[in-house]
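Have a look at the picture first, then read on.

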Amino acid sequence: MITALEVENFKRFAKIALPLRPMTVLTGLNGTGKSTLIQAMLLARQVAENPASEVVQINGVYNFALGEANEVLHADADRTQIEVRVHTLDGAYRYLFGAPDEVRSLNLPILSRPASDPEILTGSGMAFTYLTADRLGPRDQLDVSADDHRRVGVGVRGEFTAQALALHESAEVPEARRHERTVGSGVVTLRTQLEYWASDIIRPIQISAHWPPGINASVIRFQDPDFISEPIRPANMGYGVSYSLPIIIAGLLTPPAGLIIVENPEAHLHPAGQSRLGRFLARVAGSGVQIVVETHSDHVVNGIRLGAAVDTSIDPASVVVYFFGAGGELAQPIQINDRGEFSAWPTGFFDQIEDDLERLSRARRRGD
């Protein structure tokens, strides 16, 4: 597990140190550094993935589009170097990158790397999943990966979701992550568990995925369990399905000690679905998978609170929420207790509904 992340001279951060927990939530104002911290972890992941590489890319890979090297160096940096330190239970791992300003560069030279990389960053396939906010919407066909079939995950944008489901549909889901309605039923495979969870989070649904012979593409189709009909194309199911399925599949398949990083899991989901997805992610984190979530949804955060206080699927001490306010340099940690209560409620932290309702109340009183 990553226990802490330190970042120096990267984008908006001159220096920041952030302790992490099994469930870490990053939330707050736009442009305050939440995605920057995730990108810093992904720089270290690039080094771990490519031991022979002399540079890390800041465009293309992981859906990065960060521009040139001088654009990602902190404006007041005292040196043209970016440092990322990843702390685990086994120790600290230091990654040092150059940010040259004398030449135009779309990558960062690797100046220093640890003798070995933390195991959590070297995991392949479903052991490491990063899902960007810019996930793929409904597609008639999805991509297939040429990687070893045992290493095929859902992809950064969910582009391999259908292939991953087709390849792993008979895989056994860990008991702690099985849907409560299937306890003792013998329903243990990925496809059936996916249908139960997706039916709760999105809408009642049956799912099939195929990788047809002779074609380098995969397909996913749906059916309404209440009606006998032809398979339904993704475009006729809505964006919420396509955006959520890779998250659920990754949550069900990631082995213990793996890592899932998800940006905006709430995208295109109705409020109840957002809350249920938060509860699902809390359950996955409680089963031994480290999860880092960047979100603007109070429903997702409340779902995680319910996971700790009502479902007891995760220890409240294993959850931390970081709120990034207007200052941005310092992220305020917010704990939860066994009743799901926050240790603090700073201004701007999911308080907009109270502000709006108060203004509406004053407007009604003026009308009276």
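## The sheet

Start with the open sheet, where six strands line up in the order S8-S11-S12-S3-S13-S14 with mixed pairing. At the edges sit S8 and strand S14 (331-334), each pairing on one side only. From one strand to the next, the twist averages 15 degrees. Keep in mind that this is a predicted model.

Now zoom in on one pair. Strand S3 (residues 23-28) and strand S12 (residues 290-294) run parallel and are joined by four bridges. Which residue of S12 is the bridge partner of Met23? That's Ile291.

Next, find helix H4 (residues 161-168) and helix H6 (residues 239-253): their axes come within 10 Å and cross at roughly 35 degrees. The crossing is left-handed. On the H4 side, Thr161, Leu165 and His168 make the contact, while H6 brings Leu245, Pro246, Ile249 and Leu253. Sorted by class, that contact has five nonpolar residues, two polar ones and no charged ones.

## The largest pocket

How much space lies in the largest pocket? About 600 Å³. Its lining has 32 residues, and Arg45, Glu49, Tyr62, Phe128 and Val156 are the ones nearest the centre.

H1 gives the largest share, four residues.

Definitions and conventions: Residues are numbered from 1 along each chain as its sequence is written. This is a predicted model: local features need pLDDT of at least 70, side-chain atom pairs count only at pLDDT 80 or more; totals for chains, interfaces and linings use all residues. Side-chain values use heavy atoms; hydrogens and water are left out. Axes are lines fitted to C-alpha atoms, for helices over the stretch in contact, and angles run from 0 to 180 degrees between N-to-C directions. Helices (H or I, at least four residues) and strands (E, at least two) are DSSP runs, numbered from the N terminus. A crossing is left-handed if the near helix is turned anticlockwise from the far one by less than a right angle, and right-handed if clockwise. Contact means heavy atoms within 4.5 Å. Ala, Val, Leu, Ile, Met, Phe, Trp, Tyr, Cys and Pro count as nonpolar, Asp, Glu, Lys and Arg as charged, and the others, Gly among them, as polar. On a 1 Å grid over the protein atoms alone, a cavity is a set of points where a 1.4 Å probe fits but cannot get out, and a pocket is an open set with protein on both sides within 12 Å along at least five of seven lines; lining residues have an atom within 4 Å of a point. Grid points are joined across faces, edges and corners, and a volume is the space filled by probe spheres set on the points. Two strands pair if DSSP finds at least two bridges between them.
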